Structures are given as structure tokens and as C-alpha cells.
Amino acid sequence: MRVSERAEAESAARELGVFLERRREQIAQRWADAPLFRTVFTVSRDEAVDACKAVVDALADVASTGRLEDVAAPGFDSAREQLGRMAASRARSGHTPAQIADEAAGLRTAAAELLRGESPDPSGEDARELALTVLMGTLRLVIMETTVNAGEELIARQRQQLLEVATPVISLWEGVVAVPLIGTLDSARSQVVMESLLQAIVEQRARYAILDITGVPTVDSLVAQHLMKTVAAARLMGAECVVSGIRPAIAQTIVHLGIDLGTVVTRSSLADALAYALSRQGIEVSRRRAGVDPR
């Protein structure tokens, strides 16, 4: 772009910023009826108008800097939270990021009509309208980016919730807690297991913690490392950790891998681990013989 063209573009951008500030109320009133705002702010139209004003102010700030094509322009910062809430609401209604961005692109028409009304020659080419087209295209990109980020954050939260649900800490007896593990044990889930177990040890003042791996399909060096870290962390909290559910196939795998679990108390089943924890507390559980009155 030549110097003269760049200067003209910057001048048009500044004039556009002045226009947006001057016609802020009228633009906001028109935008409040657009699907992007109307379907989000269903209770109060005034709330929709206020949200529109915030977006117009952001666009005016961006235009005044001349950075019409920069999605990272500081002017957008004040509107990103507002745009994120709207995008998230539309996404929950089943709209894709592209559809939401298209709704944002449709906002240009209302602003362009007001802009043409101020032009001495409405049929001629107005540099401000070209600047408006570029600016609204950037807003479309910002909304699409915000929508995608909001979707990724939602997926991350749901994944974290699933991890927490999949790793419950169960109180088996006074002073005894257990975590029955089912499925693959990766780094993220191992961290959740450790945090949940340590929290339960503190809250229930548990002296024994059982990690039951009956439902873990395979044990490799990485899984064993996670288990050892959890055992060590539990010890630091004053609880003895017992690993149960070691099936013959898993026992052979551990031996072949050369993994040393010599410092860890292991039992073949959850019942054996519970019996061990109870016996260590001086509690004896005996089987009642048939026909014998427990009284």
C-alpha cells in the first residue's frame, strides 16, 4: 500500500470511529433487534441495547487506532467478555461458530444504512463504508475465535467433571477410604485420583487408603509410576496406602517390567485390602457359622 493510500485508509478509519461514537445510540437500538442479541437477552431489551453499546464502543476504539484488521487490537478487549457470553448462549442453542459469525456479519447492514444517510452522495463510494466492511469482518473473526475458545473451555470442564465422577473416593470403614479405578490411568486422571484421595484423607482423617486396580486393563511403567506417586503422597499425609486388585496377568507384567513395588502393601482383592486395614486397627471380622444366633 502506498503512503497516500495508507494515509487515506487511516483517515477513513478515524472518521469511522467518530461516526460510531456519534451514532452509538441509533446503532445499538437497531442491533438490539438482531438475532445475535435478541435471542440472548430475552428478558429485557434495555439489557440488549446496553450490550450493543458496549460492542459499538469497542468498534469505535479499534477504528480510532486504525487497526481495523487486527483481531488482537486492544479495543476488542472490553467487548470480548460480552461477546463470549453471547456466543456461548447461541452455541448452547445449537448454533455453530460459523452461524454465529454470520449473524455478527449481518450487523453491518444497520450501521451501513446510517452511514449512507450521512453521505453527501449516497450512490457514490464512501471510504468510511469500506472501512466499516473491514472492521465488521474483523469483528466476525473475533466472535468466531471467542466461540471456539468458549467451546474448548466447556469441553475441558466436562472432561474434568467426567474424570472426577470416574474416580470416586469411597469410605469403607471409619479411617479407611478406597478409590476403585476403572479404565485407563493416564497422567490427567492420575492427578485427579491423587487430589481426590488426599482430600478424602484429610476430611475423613483416614489412616488407610486403598487403591483398587481391579478395573484397570493394563499396567505399564507409567501407570506404576503414577501409583507409586500416589502411595508416597498418601504416606506424607499420614495414611498407609494399600494397592489391591492385582490380577495374575498384571503381576506377571509388573515382574517383566522390573517394577519394584516392594515398599507397597499389595493385596489380591479389595476385600483382602479392607481386611488388612481393619486388622491393623485391631478390628477382627469373622464369618458367622450357619445356625448360630449372633446374639
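Two strands count as paired here if DSSP finds at least two bridges between them. Keep that in mind, please. This is a predicted model.

Let's start with the sheet. S2, residues 176–182, is joined to S3 by 6 bridges, and these two strands run parallel. Val-176 has Tyr-208 as its bridge partner in S3. Pro-180 stands opposite Asp-212 in S3. Ile-182 stands opposite Gly-215, again in S3.

How does the chain get from S2 to S3? It goes through helix H9, residues 187–204, and this β-α-β crossover is right-handed. H9 lies across S1, S2 and S3. Its direction is about 165° to S2.

Now move on from S3. S3 and strand S4, residues 240–244, run parallel and are joined by 5 bridges. Take Ala-209: its bridge partner in S4 is Cys-241. Here the chain crosses from S3 through helix H10, residues 221–236, to S4. That β-α-β crossover is right-handed.

S1 and S2 run antiparallel, with 3 bridges between them. Ser-171 has Val-177 as its bridge partner in S2. S1 and S2 form a hairpin with 2 residues between them. In that turn, Gly-175 has a positive phi of about 85°.

A quick reminder on pairing. Strands of a sheet pair through backbone hydrogen bonds, either parallel or antiparallel.

So what is the strand order of the sheet? It is S1-S2-S3-S4-S5, an open sheet of 5 strands with mixed pairing. At the edges are S1, residues 170–173, and S5, residues 265–267. Each of those edge strands pairs on one side only. From one strand to the next, the twist averages 30°.

Next, burial. Buried means under 20% relative accessible area. In S2, 5 of the 7 residues are buried, so the rest of the structure largely encloses this strand. S3, residues 208–215, is mostly covered: 6 of its 8 residues are buried.

Which residue has a positive phi although it is not a glycine? Arg-205, with a phi of about 50°. As background, most residues other than glycine have a negative phi. Arg-205 sits in the loop between H9 and S3. Is Arg-205 buried or exposed? Exposed, with a relative accessible area of 73%.

Now the helix pairs. Two of them.

H2 covers residues 24–31, and H7 covers residues 108–118. Their axes come within 9 Å and cross at roughly 145°. The crossing of H2 past H7 is right-handed. From H2, the contact uses Gln-26, Ile-27, Arg-30 and Trp-31. From H7, it uses Ala-110, Ala-111, Glu-113 and Leu-114. By type, the residues of this contact divide into 5 nonpolar, 1 polar and 2 charged.

H4 spans residues 45–65, and H5 spans residues 77–92. These axes come within 8 Å and cross at roughly 145°. This crossing is left-handed. On the H4 side, we have Ala-51, Ala-54, Val-55 and Ala-58. They meet Ser-78, Ala-79, Gln-82 and Leu-83 in H5. What is the make-up of this contact? It has 6 nonpolar residues, 2 polar and no charged.

Last stop: Gln-29. This residue is found in helix H2. Leaving out residues up to four places away in sequence, Gln-29 touches Arg-45 and Val-49.

To recap. The open sheet of 5 strands has mixed pairing. The S2 to S3 crossover through H9 is right-handed. So is the S3 to S4 crossover through H10. H2 passes H7 with a right-handed crossing, while H4 and H5 cross with left-handed geometry. Arg-205 is the residue to look up for its positive phi. That's the tour.

Key: Residues numbered from 1 in each chain as written. Predicted model: local features only at pLDDT ≥ 70, side-chain atom pairs only at ≥ 80, totals over all residues. Heavy atoms only, no water. Axes fitted to C-alpha atoms, helices over the stretch in contact; angles between N-to-C directions. Helix = DSSP H or I, 4+ residues; strand = E, 2+ residues; numbered from the N terminus. Left-handed = near helix turned anticlockwise from the far one by under 90°. Contact = heavy atoms within 4.5 Å. Nonpolar A, V, L, I, M, F, W, Y, C, P; charged D, E, K, R; others polar. Buried < 20%, exposed > 50% of the residue type's maximum accessible area, 1.4 Å probe, protein only. Right-handed = clockwise from strand over helix to strand, strands pointing away.
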